[in-house]
Amino acid sequence: MSNKGLINEFFWLRCIACLAVVMGHSFQSSYNYYVQSEEQIKSVYIDLYHVLYLGILFGTPVFVFISEFLLSKRYSLNVPKGFIKKRLKFLLIPYAFMSIMYALTEMNKWTIEDLIIESSKNIFFGDSTVYFILIIFQFYFLHLFFNKHLNRLSPKKVIPIAFLINVLYLSIFNFFSPPNFPYAEYVWEKGYWIPFTGWIFYFILGYYCGKNYNQFLVFLHKYKILVISMPVFSFIIVLLLSKFIVIIPWSSKRIDMILYSTSIILFIIYMSSRIKEVPKTVMFISRYSFSIYLLHQFFLMLFPYVKLPTFLNMISYIFCIFVLSISGSVIISYLLNRFSFGQYLVGAVKNYKKEKPLKVERRKAVN
């Protein structure tokens, strides 16, 4: 059974996740720029930077949740014919193309051999900023093979197990040093991001929330005080762990980010479920979100070479490059999508008008 409709909360989730990812990379770019260009930075900016940066690290987990949430909502039992083929066509081809484009920016020597090496690292090991696509494809296959089994199991049992697996997996790389064997340092630095075990909790949560969406909304509205307060309390935990416990500093792959990211997901869904109409800006960002995700890092790489106004401080610089990178990505995507091949290079711009909104029993959820 499938339902091809869309729900309003989906647009909010996708928009906010997209903006969070770009903002996070803008923070990284700004920090690198100021550290290299100034010997001293006012501590007030560094402290504020750290707090704000930690607060937006939920972007990638939200995207993982969205991908399975939509699959489960539409295809909780069976997927349509050509399911994988369609996603290979519209996701994997742009991923491969952009992986090669990012490889061009990482080459030490302009040789064919170096291009092949860097491209292979990006495509097969997710060594570029678009690594997220490899994670999503793992979950596509997990959904194909296990959705019928998950459908029979109780979420009260499966969700805690998935949470435990996710925590144990990330704990290895959060708290232990790499062993003494080849490529261990690479695995500990970024290689562990790619296996699905590092994101399994968001996948399982997305599956059961999508499959039982009406009941899920009722739950959120019933415990609305908890849903509204949890982002604050979970973020306090993140700040305390950052201050007093040795943990990887700035990453969405921290174990405390599981609780924080989940609380943000629930909060966004609850708040957006109370809004009848999706603002045009939210819809617009959602339509271009895949292209923005693929392209924004290119623009962030260029800004250190551009002489921006000297009155910009570290924080204002972040918001400046954030807006410019999104704008540039949208413009490039719009122009290339005017040609039939453009969607295979920088991703297709979604046209949600072709799909009817999904009817959700909101009365029950609000009461």
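**Entry 1: the chain as a whole**

What share of the contacts in the chain with a separation of 6 or more comes from residues 24 or more positions apart? I found that such residues account for 84% of them, a contact being heavy atoms within 4.5 Å. I note that the model is predicted, that local features need pLDDT of at least 70, that side-chain atom pairs count only at pLDDT 80 or more, and that totals for chains, interfaces and linings use all residues. Residues are numbered from 1 along each chain as its sequence is written, and side-chain values use heavy atoms, with hydrogens and water left out.

I recorded 16 helices and zero strands in the chain; these are DSSP runs numbered from the N terminus, helices being H or I of at least four residues and strands E of at least two. Of the 367 residues, 50% count as buried (buried is under 20% relative accessible area, exposed over 50%, partly exposed in between, with a 1.4 Å probe and protein chains only).

**Entry 2: confidence**

I looked up pLDDT, the predictor's confidence in each residue from 0 to 100. Its mean over the chain is 87, and 89% of the residues reach 70 or more. Over residues 363–367 pLDDT stays under 50, and the model has five contacts beyond four places in sequence for them. Where pLDDT is low, the predicted coordinates should not be read in detail.

**Entry 3: helix α7**

I turned to α7, residues 155–175, which has 21 residues and reaches 29 Å from its first C-alpha to its last. This is close to the 30 Å expected at 1.5 Å a residue, the expected span being 1.5 Å times one less than the number of residues. Its buried residues include V158, A162, Y169 and F173. The buried residues of α7 pack against α6 (132–152), α8 (184–189), α9 (200–211) and α12 (256–273).

**Entry 4: helix α10**

In α10 (residues 213–222) I listed Y213, F216, L217, L220 and H221 as buried. They lie on the same side of α10 because they cover an arc of only 130° around the axis, taken from the directions from the helix axis to the C-beta atoms. The face turned away from the buried side carries the exposed residues Q215 and K222.

**Entry 5: two single residues**

Is R87 buried or exposed? R87, in helix α4 (residues 83–106), counts as buried because its relative accessibility is 15%. Leaving out residues up to four places away in sequence, I found R87 touching L71, Y75, L92, F137 and Y140.

I then located E277 in the loop between α12 and α13 (280–302). E277 counts as exposed, at 65% relative accessibility. Its C-alpha atom is separated by 7.6 Å from that of N8, 269 residues apart along the chain.
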